[in-house]
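Colleague: I am new to this structure and would like to know what stands behind the words used for it. Please set each value against its definition.

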Amino acid sequence: MSPNVKVPVRLPIPLALSFVLFVLLMFSSFVKPYGFFIDEVYFLSCARRPAWGYIDQPPLSLALLAAVQWLFGENTFAVRLLPALSMAATVFVTGLITRRLGGGPFSLLLACLGVMVMPVFLIFGSFYSMNAFEPLIWTGVVYFVVKMVQDNDPRNWLAIGILSGIGLQNKHTFVLYGFALVIGILISGRRRLLFNRWILWGGLAAFVILLPNLIWQVANGFPSLELYRNSFTGKNIEKSPLQILTEQIIFVNPATFPLWFAGVIALIFRKGRDFRLMLYAYLFLMAVMIAGQSSRPDRIASIYTFFMAFGAVAMEHTLKKAWQRGVQVSLTVVMLAGGVLLAPVFAPLLPPDRLKAHIAWLGLKMDIEEGKKGEPIPQWLADRLGWRELAVEVAGVYHALPPAERQHAVIISSNYGHAGALELYGPELGLPAVYATHNAFHTWGPPPDSVKTYIAVAVNIEKVKSMFDSVEKAAVVFCPDCTRPQREMPVYVLRGPKFSVEKEWKGFRIYG
């Protein structure tokens, strides 16, 4: 782990593992009956409406998705191409970090394999979201941090700043990693790396890249702050410190624990002092998770790529020759086995019935969102079911309306997923315009007051039935393996609004 260690280029190992992960993730796009994830259909709606900002995210990932739509269309294979590439590239950059730390061939294998079998990265890589790009961006930042420390060269702040600006244009909460890095440098005593003109240039680069979204936030009254506050208080499940730590281990794969924890331990001892700042950064992120009682173990998942690399190199440089190869081979086998066992739980590789049996055999139970606890299959897989079937059922309700009524009818929802799915499949099914009160969909409304008939999906009927002359339950969509809110979904026809939708639209806003 010395800065002066010269390691030959051994790119075939990280390239090979990156390719294997990419193929696995792309294969998962074809496994039935899984389709688009609930967030994906919403993101596709956002990508059709380019902007410098959205209620729930900055514009970068959606601009990339718009390019994918234009080039390849709207199908699961095309939409998931970039997330799979991003996860594969994360494995590769982890290999570059490992090589730079002085790792040999087996260290490269262990570090890249550890990242490859992380369950949380299988989730990120198997559907489109801004989360798919965060690990790659952060691991790129870490590469330049390692280079900066080894060369004692603060000029690397410029590259770090550019990547951080990209990270912030992808996801606002990337700022937590920035805070963690600065705190880690301060506590570790490497203040020379902070107090110089290059960190100012890096900060300026990050600011310039983020500026268009900042201007959008100011112009729109910082709506994302309201969303983050609501999500924190209403969506996440409160977890104890022990639960948070346990879920970190599960989502990073228990089989990789000896590897990345070896990296944590190595940083405590003298040989790890050069990079101890990463340990302090990690402890800061864990403290944030525990203080927030967060049920989202994915929030700090990207930090583990460094510990996989550092742990692999620490084992190579610390273990006696008589023990080294045996430990490395054993750990490789264990991580491969752990990856095989957990992959179907976190990526759509098994149909629901077989998946439920597999989860029961493993004895796993994972809840990460309020309202979706105790599901038969995990939320990140269950929310990929039933969207086209919902659209077909709604189309049946719409086409059953009298022709004159169809001319003045729209679809309304209080959930961006349902609205996104109905908008996605609407053209081929002949559906009318779709409106929703949730997140960015709210900003694309309201429907005109000339609308007299609403087909309502995912609405609280008790709250709205007094607002219309008549309310008819026209259909019920059943999806036994969906999450609880989608398992039995009524479709209503609301006629004769007693109010001006255009005037009242602002009060229907749901940010969260």
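Modeller: The largest cavity has a volume of about 80 Å³. The model is predicted, with pLDDT of at least 70 needed for local features and 80 or more for side-chain atom pairs, while totals for chains, interfaces and linings use all residues. Residues are numbered from 1 along each chain as its sequence is written, and side-chain values use heavy atoms, without hydrogens and water.

Colleague: What makes a space a cavity, and how is its volume defined?

Modeller: On a 1 Å grid over the protein atoms alone, a cavity is a set of points where a 1.4 Å probe fits but cannot get out; a pocket is an open set with protein on both sides within 12 Å along at least five of seven lines. Points are joined across faces, edges and corners, and the volume is the space filled by probe spheres set on them. One cavity of 30 Å³ or more is counted by this rule.

Colleague: Which residues line the largest cavity?

Modeller: A lining residue has an atom within 4 Å of a point. For the largest cavity these are Leu-385, Gly-386, Trp-387, Leu-390, His-418, Val-477, Cys-479, Cys-482, Gln-486 and Met-489. The lining divides into seven nonpolar, three polar and no charged residues. Here Ala, Val, Leu, Ile, Met, Phe, Trp, Tyr, Cys and Pro count as nonpolar, Asp, Glu, Lys and Arg as charged, and the others, Gly among them, as polar.

Colleague: What is the volume of the second largest pocket, and which helix gives the largest share of its lining?

Modeller: The volume of the second largest pocket is about 330 Å³. Of its 18 lining residues, Trp-157, Ser-164, Gly-178, Phe-179 and Val-182 are the closest to the centre. Helix α10 gives the largest share, six residues. At least two lining residues come from each of α8 (134-151), α9 (157-170), α10 (175-188) and α11 (197-219). Helices (H or I, at least four residues) and strands (E, at least two) are DSSP runs numbered from the N terminus. By class, this lining has 13 nonpolar, five polar and no charged residues.

Colleague: Why are α1 and α6 called roughly parallel?

Modeller: Helix α1 (residues 12-27) and helix α6 (residues 105-116) pack at about 20 degrees, with axes 9 Å apart. Axes are lines fitted to C-alpha atoms, for helices over the stretch in contact, and angles run from 0 to 180 degrees between N-to-C directions. Angles under 35 degrees count as roughly parallel, over 145 as roughly antiparallel, 65 to 115 as roughly perpendicular and the rest as oblique. Therefore α1 and α6 are roughly parallel to each other. Their contact (heavy atoms within 4.5 Å) includes Leu-17 of α1 and Leu-109 of α6. This contact has 11 nonpolar, no polar and no charged residues.

Colleague: What makes α2 oblique to α22?

Modeller: The axes of helix α2 (residues 38-47) and helix α22 (residues 416-429) cross at roughly 60 degrees and come within 7 Å. That angle makes α2 oblique to α22. Among the contact residues are Tyr-42 of α2 and Gly-420 of α22. The contact divides into seven nonpolar, three polar and two charged residues.

Colleague: Where is Pro-33, and what kind of peptide bond joins Lys-32 to it?

Modeller: Pro-33 lies in the loop between α1 and α2. The bond joining Lys-32 and Pro-33 is cis, with omega about 10 degrees.
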